[in-house]
Amino acid sequence: MAQEQVKIPQATARRLPLYYRFLNNLHSQGKQRVSSAELSEAVKVDSATIRRDFSYFGALGKKGYGYNVNYLLGFFRKTLDQDELTKVALIGVGNLGTAFLNYNFLKNNNTKIEIGFDVDESKVGTAIGDVPIYHMDELQEKLIEEGITVAILTVPAPVAQPITDSLVEANIKGVLNFTPARLNVPPSIRVHHIDLAVELQSFVYFLKHYPITEKEL
Ligand code: ATP
C-alpha cells in the first residue's frame, strides 16, 4: 500500500481489531463520536491505555467531545488493510478446521479462507462452507497460483513441522498455528501460536488462584 504507515507498538496493534469492530458497530448505528470511557466499557481495555493507543495515530480526543468515529474508522481501515481482502489457506480439515471453514470471518474483518487442504480422500474434492478442499499433493501449486501467503494450521502435531516447511517453500509469510507443536521457521516468517487446550487450562488456573477482587469490579 502506498499510504504512509504509522509505526505503532505491537501491543497497540493487537488491540486495533477490537477497536475496529466496536467502532464499525457504532458507525452502523449512525453514531458520530465516542468517549474513551464508552470505548473502555465496550472493549474492556482501560481508558488510559485507549488514550495512549489512540495518541499513536494522531487521534487526540477532545474533552467533552470524545473521538470522531469516522476519523478513527478511516484510520483503522487503512492500517488493518480492510480495503484489501486477505486470502487464507487452511491445512487440516478435521473438527477444528471444519469449524473454521464454517465460521464467517468476513463478517468482522477482511480475511477469507479461500482454500482447504487435507490428506483424507473422503474430504478431498468436497467443499465446506463454500471452500474447496484439495489434496496436500497440490498444496504448493495451488498456494502459488492463488497468491496465498497466510495459512492456518489445524493438523495433528506430528505433521505440523514438515507441512510448515512446504508452506515456507510455497512463499507463505505467516502461519497461525493451532497445533501444540512449536514450529521452526526462517526469521522472515511470522508464526502465531494458539493452543486452545493450554488457554483453557491457564484460564481455569486463573479462576482458581486469582479470584477477581472487589477493586477490579
Ligand atoms: P477428525 O475427527 O476429522 O479426524 P480431528 O480434528 O480429530 O478430526 P486430527 O487427527 O487432529 O483430527 O486431524 C485433523 C485433520 O488433519 C484431519 O482432517 C486429518 O485428515 C488431517 N491430516 C492428517 N495428516 C495430515 C497431513 N499430513 N496433511 C494434511 N492434513 C492432514
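Biologist: Leaving aside neighbours within four places in sequence, which residues is Thr 49 in contact with?

Modeller: Apart from those sequence neighbours, Thr 49 is in contact with Arg 15 and Tyr 19, and please keep in mind throughout that this is a predicted model.

Biologist: Where does Thr 49 lie, and is Thr 49 buried or exposed?

Modeller: Thr 49 lies in helix α3, which covers residues 47–56. A residue counts as buried when its relative accessible area is under 20%, and Thr 49, at 12%, is therefore buried. Across the protein, buried residues make up 34% of the 217 residues.

Biologist: How should I read the packing of two helices, and at what angle do the axes of α1 and α2 cross?

Modeller: Two packed helices are described by the angle between their axes together with the distance between those axes. Here the axes of helix α1 (residues 10–28) and helix α2 (residues 36–43) come within 10 Å and cross at roughly 110°. Angles of 65 to 115 degrees count as roughly perpendicular, so α1 and α2 are roughly perpendicular to each other.

Biologist: Which residues in α1 and α2 meet?

Modeller: From α1 the residues are Leu 18, Tyr 19 and Phe 22, and they meet Glu 38, Leu 39, Ala 42 and Val 43 in α2.

Biologist: How many helices and strands does the protein have?

Modeller: The secondary structure comes to 8 helices and 9 strands, and among contacts between residues at least 6 apart in sequence, 56% join residues at least 24 apart.

Definitions and conventions
Residues numbered from 1 in each chain as written. Predicted model: local features only at pLDDT ≥ 70, side-chain atom pairs only at ≥ 80, totals over all residues. Heavy atoms only, no water. Helix = DSSP H or I, 4+ residues; strand = E, 2+ residues; numbered from the N terminus. Buried < 20%, exposed > 50% of the residue type's maximum accessible area, 1.4 Å probe, protein only. Contact = heavy atoms within 4.5 Å. Axes fitted to C-alpha atoms, helices over the stretch in contact; angles between N-to-C directions. Parallel < 35°, antiparallel > 145°, perpendicular 65-115°, else oblique.
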